[in-house]
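Reader: I have a structure open and want to learn how to read it. Where do I begin?

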Amino acid sequence: MIKKAAGAMIEDVDGNIFLDWVGGVGVLNVGHAHPEIIAAVKAQADNYFHSMFNIVTHEGYVSLAEKMNEIVPVAGRVKKTFFANSGAEANENAVKIAKAFTKRPNIIVFSGAFHGRTALTMAMTAKKAYAKGMGPFPDGIYRAEYPYLYRKPGNMTDSQAISYYIEKLERVFDEASPAESVAAIILEPLQGEGGFIPAPFEWVKRLREICNENGILLIADEIQTGFGRTGRLFASNYWQEGGFAPDIITTAKSIAAGIPVSAITARAEIMDSVPGGVIGGTFGGNALACAAALKVIEIIERDKLCERSMEIGAKCRAVFAGWQEKYEVVGDVRGLGSMLGIEFIKDKSTRTPAPALVSALVAECARQGLLIENAGTYGNVIRCLWPLVITDEQLDTGLTIFRQAIEKCTAPGT
């Protein structure tokens, strides 16, 4: 139970100190209680907390929308941004916007996906433990297989596997929804709850080509990957650099350092296609949240946190790769920048998932002052979401605790 926190450190109500490698599940890229963000929110609070944007416009909303239009790498020159409150709301509104623009009813999602817990986004989310007893769900949602290269079929090369997964997607057009009825394909550039699985760039490029050929919009769910986590402001910056930027990007989590706000950004012609009244909400683009978000982006750019993300990620990836060589239970190390996942298995020959071991690691690390969290379809992946302001000393301490936990939890007789 948290009492106070700063940077990458948490103090609980009993005075215990913890290193935080969870970061509010990807919310605290600039760390806990950043003093500049506190000051920005306090300054805004002195003027007003809230104005319903379509009744009383406020400067923060306009400034943040302009900034998002400048930095979010969607396809198109002229962009527009709309604000909601949560990642699930952002994804739901992105689907509504795609349907309005294409005049089509269906969407395609992927195995391993997590898009939220509203009625629509529960249907979009793959793991049905998040939706138990909540049906019936909206129709028009069809699922293709996401490229999980560590568990690709047979003895395929990665290139062969990418072709295999593309074929699986194209089969959806034959067996579930014709391409001409699909409004959008939505995916996470690097799956979060699904196990920190990055979408191979060549596969995304071919997705983009399929979308272009069939008039389908490509939506990137950057709720967890955005704001410096992957070594770019957005994971879709990598796609943009390769010439296959998405049409719509949804963001939330680290956008405002813990104050609820989310964003949907698209080129203007897509956003302008939505009939009046279809998108909106009372709290979207709240003044306090906009003040925090503007300061977050300023800090990330000024303090070069994308570069820091790459530096931290390179260091930890090298350490984790060493563990992969040393420990039979470390099966795969993957990710982008500082969004890294370690998949734990029972042995390297069978690659059988080891969720019990991961649960033991989470508990042991917590006992030693390090907060980590699991992920993955099988619950056998540790995901790393440390604040990007973490110091080298804090990082090294966390790595030591984690390594010692692996050795303790895999020792004979445990």
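This is a predicted model: local features need pLDDT of at least 70, side-chain atom pairs count only at pLDDT 80 or more; totals for chains, interfaces and linings use all residues.

Reader: At what angle do helix α2 and helix α10 pack?

Author: Angles over 145 degrees count as roughly antiparallel. Here α2 (residues 35-45) and α10 (residues 287-302) pack at about 150 degrees, with axes 9 Å apart. That is why α2 is roughly antiparallel to α10. The crossing is right-handed.

Reader: Which residues of α2 make the contact?

Author: Glu36, Ile37, Ala40, Val41, Gln44 and Ala45 do. They meet residues of α10, including Leu288, Val296 and Ile299. By class, the contact has ten nonpolar, one polar and four charged residues.

Reader: Is Arg308 buried or exposed?

Author: Buried means under 20% relative accessible area. Arg308 has 16% relative accessibility, so Arg308 counts as buried. This residue sits in helix α11 (residues 305-326). Its side chain makes a polar contact with the side chain of Glu311, at 2.5 Å. Leaving out residues up to four places away in sequence, Arg308 touches Leu388, Ile390, Thr391 and Asp392.

Reader: Which residues have a positive phi although they are not glycine?

Author: Lys304 is one, with phi of about 55 degrees. Lys304 lies in the loop between α10 and α11. Arg351 is another, at about 60 degrees. Look for Arg351 in the loop between β14 (339-344) and α12 (355-367). Arg351 is partly exposed, at 34%.

Reader: Is the peptide bond from Gly135 to Pro136 cis or trans?

Author: That bond is cis, with omega near 0 degrees. Pro136 lies in the loop between α5 (119-124) and β6 (141-144).

How values were computed:
Residues are numbered from 1 along each chain as its sequence is written. Side-chain values use heavy atoms; hydrogens and water are left out. Axes are lines fitted to C-alpha atoms, for helices over the stretch in contact, and angles run from 0 to 180 degrees between N-to-C directions. Helices (H or I, at least four residues) and strands (E, at least two) are DSSP runs, numbered from the N terminus. Angles under 35 degrees count as roughly parallel, over 145 as roughly antiparallel, 65 to 115 as roughly perpendicular and the rest as oblique. A crossing is left-handed if the near helix is turned anticlockwise from the far one by less than a right angle, and right-handed if clockwise. Contact means heavy atoms within 4.5 Å. Ala, Val, Leu, Ile, Met, Phe, Trp, Tyr, Cys and Pro count as nonpolar, Asp, Glu, Lys and Arg as charged, and the others, Gly among them, as polar. Buried means under 20% relative accessible area, exposed over 50%, partly exposed in between (1.4 Å probe, protein chains only). A polar contact is a pair of N or O atoms within 3.5 Å; within protein, one must be able to donate a hydrogen and the other to accept it, and residues adjacent in sequence count only if both atoms are side-chain atoms.
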